[in-house]
Amino acid sequence: MNLFEIDEQMQRCIKLEASDNFVDTETGEIIDIAAIEQLEMDRDKKIRNIACWIKNLESDEAALAGQVKIFTARKNAAKNKRESLKSYLAAFLNGKKWHNSEVAISWRKSESVEVKEGASIPEEYLRYKEPEINKAQLKADLKAGAIVDGCQLVTKNNIQVK
């Protein structure tokens, strides 16, 4: 869905199908930047078209993210129903096999380790996560004047299209 109309010349720079000529192998982009640069179009018109294109893509991204949430919720609901039905069926069959022309239910043994709450586990069985940098705290401390070797605050200009 497009919220904004984009000039036909600009749209031709959007490749709907990847071809060897336009695919950036590092980023996967399929936009013909060279064609955009060669467009003989007023500078302001080119800027407006690119900005509207960005806004259309942001809209698409938001819509797709919403669909991901909906599908994830539906997937989780289906998984929970499946697990609930499996538990019921397991209790109902109580370890006995069952089959007909459509399904076969059998059992297999498995082993797992259960660790009781508060158990004292020897060091050799423990794994530790690699430490990670708390950038929020580091940023706050640097802003407050702290000096941390190898770290500095960097000011960036980030483009915003609204």
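Does asparagine 94 count as buried or exposed, and at what relative accessibility?

## Asparagine 94

In this predicted model, asparagine 94 counts as exposed, because its relative accessibility is 65% and the cut-off for that class is over 50%. Asparagine 94 lies in the loop between helix 3 and strand 1, the latter formed by residues 98-99, and this asparagine comes after helix 3 in the chain.

Most residues other than glycine have a negative phi.

## Overall fold and confidence

The chain holds 4 helices and 2 strands, and their order along the sequence is α-α-α-β-β-α. Of the 162 residues in the chain, 10% are buried.

The mean pLDDT of the chain is 84, with 75% of its residues at 70 or more. Confidence is lowest in helix 1, residues 8-11, where the mean is 67, and it is highest in helix 4, residues 135-143, where the mean is 96. Where pLDDT is low, the predicted coordinates should not be read in detail.

## Helix 3

## Cysteines and the second largest pocket

Cysteine 151 has a relative accessible area of 33% and is therefore partly exposed, a value that falls between the 20% and 50% limits. When sulfur atoms of cysteine pairs are tested against a cut-off of within 2.5 Å, the count of disulfides is 0.

Cys151 also belongs to the lining of the second largest pocket, together with Ile133, Lys135, Leu138, Lys139, Leu142, Gln152, Leu153 and Val154. The volume of this pocket is about 180 Å³, and its lining residues divide into 6 nonpolar, 1 polar and 2 charged.

Terms used: Residues numbered from 1 in each chain as written. Predicted model: local features only at pLDDT ≥ 70, side-chain atom pairs only at ≥ 80, totals over all residues. Heavy atoms only, no water. Buried < 20%, exposed > 50% of the residue type's maximum accessible area, 1.4 Å probe, protein only. 1 Å grid on protein atoms, 1.4 Å probe; cavity = no way out; pocket = protein on both sides within 12 Å on 5 of 7 lines; lining within 4 Å. Points joined across faces, edges and corners; volume = space filled by probe spheres on them. Nonpolar A, V, L, I, M, F, W, Y, C, P; charged D, E, K, R; others polar. pLDDT = per-residue confidence, 0-100.
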